[in-house]
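Hello,

Here is the structure for you to look over. My notes follow below it.

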Number of protein chains: 2
Amino acid sequence: MERTGSNFAAARAPATVANVAVGFDVLGFPVDAVGDTVRVELMDGPTVLIDSIEDGGVAIPMDAAANTAGVALLGLIRTEGLAHGFRLRIRKGIPLSSGMGGSAASSVAALVAANALLETPLPPERLLPHALAGEELASGSPHGDNAAPCLYGGLVILRSTEPVEVVRLPVPRGLCVALVHPHRELDTRTSRGALPRDLPLRDYVAQSARLAAFVASCFMDDLALMSRSLEDVLVEPRRASLVPAFAAVKRAALKAGALGCSLSGSGPSVFALCDGIVSARRACEAMGSAWAAAGVSSDAWASPLAGGGARLVDWTPGTLA
Amino acid sequence: MERTGSNFAAARAPATVANVAVGFDVLGFPVDAVGDTVRVELMDGPTVLIDSIEDGGVAIPMDAAANTAGVALLGLIRTEGLAHGFRLRIRKGIPLSSGMGGSAASSVAALVAANALLETPLPPERLLPHALAGEELASGSPHGDNAAPCLYGGLVILRSTEPVEVVRLPVPRGLCVALVHPHRELDTRTSRGALPRDLPLRDYVAQSARLAAFVASCFMDDLALMSRSLEDVLVEPRRASLVPAFAAVKRAALKAGALGCSLSGSGPSVFALCDGIVSARRACEAMGSAWAAAGVSSDAWASPLAGGGARLVDWTPGTLA
């Protein structure tokens with residue numbers, strides 16, 4: 001293999017809040033304060049090796065075919081007919097099974113780093129399908145509402161996965177997120193399993209009206225309309241019991257002034273949208289206190305919505321991303 | 001009863017296209033070329049009498065409690081505690097059981113005319129619930145995606161019915177509608193009955209992604225995105241067989257250049273959204289020809305999207321609206 005330039009690259013991909021209350025498998029946005037970093041190095045032979053996983057615990061497989069980032073790069077190699085392969089070093093900054101899009105972040109970071117090593121880097125719509133394969137491996141469903149905002153950045157609608165089409169929504173001025181992670185794991189498969197295959201048309205109608213109004217509120221810069229629209233009648237009621245003290249945590253966020261509050265992705269993390277960073281910090285505190293009262297410790301992040309997606313970074317040995 | 005001013009008023013309410021492919025029970029817009037007109041006259045006693053129905057055929061009940069406009073006004077009388085009542089004369093311009101919102105139009109026209117006779121006219125959100133009662137009578141379901149655009153005008157999201165909240169969407173420049181009515185009747189109850197109580201979550205996800213993108217396309221003035229979003233995977237496939245030659249008619253509209261094509265409300269009328277009035281006329285012709293080839297005669301209207309809602313008009317004896 002003859003190549004010029006560096007033979008390795010690293011990328012960091014942010015945590016993401018998927019679903020966003022009313023956009024199940026459709027809406028998502030990144031939370032830049034937390035992320036996974038992956039270092040990718042070219043190697044001979046069209047295969048993938050995982051050299052190390054830092055802070056991933058025992059739950060993340062080192063076998064590339066069973067690892068979300070590994071599967072994503074194996075898909076890239078196969079689809080693009082690459083003659084070479086990749087060795088990976090993965091640093092998990094995103095807590096496992098937290099509902100914060102960790103599997104998507106590892107896949108996307110690996111893809112963005114690997115892409116930088118290709119003779120002709122691919123556009124994001126050619127990368128996203130491989131991240132979806134990683135999501136299918138992780139959760140049993142090729143949902144893209146984590147991977148799309150993780151890769152593209154911004155508050156996005158995933159209009160279609162085949163072909164990939166992402167629509168970026170404008171973010172109202174001052175809109176911030178409070179994201180709180182209780183120290184409990186909730187497997188995405190379990191959480192998806194709480195949803196029946198079929199759901200009542202009546203609930204769809206109520207939910208889709210809110211989704212349509214939420215999208216309109218982004219363009220109209222109307223946080224009051226957004227607040228009225230941020231109520232999940234379809235999915236949250238069927239999953240809430242999987243998250244300890246969810247009702248108390250949500251009540252606390254709303255009482256603290258949040259515009260809306262729901263599960264982040266499949267949970268157990270919970271997000272609240274807030275008008276301004278001060279309000280987001282207040283919501284973080286309120287949610288953390290509610291969990292503490294239930295005997296559950298937690299971490300929290302408050303930040304403006306919605307930052308950029310995955311980006312190339314330097315890889316500093318031994319420093320966690 | 002002591003009142004100043006006139007003791008009667010008349011209002012005309014337009015036909016409406018509900019659902020709009022991806023917004024089942026949520027999206028709708030008026031088509032001003034066709035409408036119902038109702039003349040309302042004050043009378044003593046809190047009740048409603050229907051004096052005449054022109055062009056309504058035998059299918060429309062003269063008994064106020066069984067008539068959509070009658071039920072709407074009975075609700076108004078009851079809720080507002082009115083001491084007087086109303087006598088109605090109804091002129092049907094909208095074909096019966098056509099999927100063009102005729103029941104909503106009669107209710108809304110009656111409400112707008114009656115409202116003009118109140119000491120203190122009510123805002124539209126106080127009128128809409130009574131139109132929904134009319135819809136429930138007509139179809140078994142208090143859906144508001146005909147009544148809301150009929151009353152408010154414009155391309156609207158009905159975010160909530162309790163309380164009533166309507167969000168008006170911007171209409172992309174040049175967006176026009178082709179609306180074609182085959183000379184067949186399809187009862188709304190039958191068409192709603194074609195939908196199972198529960199529907200697959202997978203179809204809902206695909207549909208809600210399109211709905212979100214459709215709403216975004218209105219704000220972005222992006223007819224290409226709108227076109228990609230106008231595909232009903234949830235409801236249309238389950239109703240299409242109730243409309244003769246639907247597949248051929250839709251194919252003809254798309255081949256003629258329409259951005260998208262689906263059932264108007266519960267059908268059998270079919271609408272197509274088009275870029276410009278010339279394209280809308282072409283789609284009308286193409287759809288009409290496809291039905292003619294199947295032995296079905298039809299009427300067609302091409303017009304810009306989306307005009308105003310119901311309005312007060314003069315009542316000219318003997319002249320059809």
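**Sheet, helices and copies**

A:S262 stands opposite A:F271, a residue of strand 10 of chain A. This is a predicted model: local features need pLDDT of at least 70, side-chain atom pairs count only at pLDDT 80 or more, and totals for chains, interfaces and linings use all residues. Residues are numbered from 1 along each chain as its sequence is written, and chains are lettered from A and ligands numbered from 1 in the order in which they are written.

Strand 9 and strand 10 (residues 270–275) of chain A pair in the antiparallel sense over 4 bridges. Strands are DSSP runs of E, at least two residues; helices are runs of H or I, at least four; both are numbered from the N terminus. Two strands pair if DSSP finds at least two bridges between them.

In chain A, 4 strands make an open antiparallel sheet, ordered 9-10-7-11. Strand 9 (260–263) and strand 11 (298–304) of chain A are at the edges, each with a single partner strand, so one side of each lacks a neighbour in the sheet.

Now helix 2 (residues 102–116) of chain A. This helix has 15 residues and reaches 21 Å from first C-alpha to last, close to the 21 Å expected at 1.5 Å a residue (1.5 Å times one less than the number of residues). Of its 15 residues, 14 are buried (20 or more other C-beta atoms within 10 Å of a residue's own, with C-beta atoms placed from the backbone).

Finally, the copies. Chain A can be laid on chain B with an RMSD of 0.0 Å, by a turn of 180 degrees and a shift of 0.0 Å along the axis (least squares on C-alpha atoms of residues with pLDDT of at least 70 in both). The two copies are thus related as by a two-fold rotation axis.

Best wishes

Methods:
A residue is buried if 20 or more other C-beta atoms lie within 10 Å of its own, exposed if 12 or fewer, and partly exposed in between; C-beta atoms are placed from the backbone.
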